[in-house]
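Dear colleague,

Here is the structure that I promised to hand over. Please look through it first, and then read the notes that follow.

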Amino acid sequence: MKVVFVGVGAIGLPMALQIKAAGHEVQGVDVAETSRERPRTQGIDAVERYSLTNKADVVVVMVATPDQLTALVEEALPTVSGQHWVIMSTVGPKSIISAADKLQSKGAKVIDAPVTGGTARASTGELVIFVAGEENSLSYVAPVLTAMGKMKKVGIRPGDGQGIKVINQHLCSVHIVAAAEALNLAQSLGLDPAQVLPLVEGGAAGSWMLSDRGPRMLQGTEVKVSSAINIFVKDSGLVSDAAEACAADVPLLKVAHARYLAAANSGLGQRDDSRVIETWLQP
């Protein structure tokens, strides 16, 4: 298939490369010059704007924010008829429902397909993809999606996939902050967090986030960025907005969101999300 992949940044590029490796023709789009240069070195042409792309069968969207999705859709509307749009960004139910209404009104098919797994699983084609869409549309885009990971059907309406991702990001947000708080507690008790982590992560108190982020929390500020603090400022904010819209009480999420905001406000926004632990170390 001819695929346009919008958002070939840290997680988008490995996803696009998996699609290319599966035999599809891929063209990238990204507003950042550095994010356009990297795919070019690996055989994927990349342009600055969607309006500069070739006609595609499938458009995969991996932008960072709801506002970016809105701007992309407005730019693309004149040419979307007959295309299948796979929106994989974490943008919340409200945003994707609005985008889907506009795209479908112009003759496009829309698949709501947010992912979980981060850059590590994006690089190996092992993402978990929460897909929502009509059966015929899902069958059509399956060769593209299965190149990136495992499809898990969660519904037929745009917004169903985002709803599952909201729940996923609620847990991720809370678990990262809980891991940071626990390791800080270990240090406050006079214990060595590096010795505590392997003792607790394999038992009932363990979590995937503790095992994945814990080792990076024990390193310094300059640890390699896998997922930035600002991503969880955005994602935990989307969870908060979605909870407010349906009158759900999420006190733990609010605590976690405040920690990510505190980290961002202290200058850590572009650092790895494990650096939220530094909010306990500040005076």
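Are Tyr50 and Trp85 buried or exposed? Tyr50 is buried, and so is Trp85, where buried means under 20% relative accessible area, exposed over 50%, and partly exposed in between, computed with a 1.4 Å probe and protein chains only.

Before going further, please keep in mind that this is a predicted model, in which local features need pLDDT of at least 70 and side-chain atom pairs count only at pLDDT 80 or more, while totals for chains, interfaces and linings use all residues. Residues are numbered from 1 along each chain as its sequence is written, and side-chain values use heavy atoms, with hydrogens and water left out.

The protein has 2 aromatic pairs, counted when the ring centres of Phe, Tyr and Trp (its six-membered ring) lie within 6.5 Å, with planes under 30 degrees apart called stacked, over 60 edge-to-face and the rest tilted. One of them joins Tyr50 and Trp85 in a tilted arrangement, at 5.7 Å centre to centre and with 50 degrees between the planes. Tyr50 sits in the loop between β3 (45-47) and β4 (58-61), whereas Trp85 belongs to strand β5 (residues 84-87), so the pair ties together parts that are 35 residues apart in sequence.

As for the whole, the secondary structure comes to 11 helices and 9 strands, these being DSSP runs numbered from the N terminus (helices H or I, at least four residues; strands E, at least two). The radius of gyration is 19 Å, close to the 19 Å that the globule rule gives for 283 residues, so the protein is as compact as a globular protein of that length; the radius is taken over C-alpha atoms, and the rule is 2.2 Å times the number of residues to the power 0.38. Buried residues make up 50% of the 283 residues.

Helix α1 (residues 12-21) has 7 of its 10 residues buried, so this helix is largely enclosed by the rest of the structure. Among the buried residues of α1 are Leu13, Met15 and Ile19, and the helix is followed by Gly23, whose phi is positive, near 105 degrees.

With best wishes
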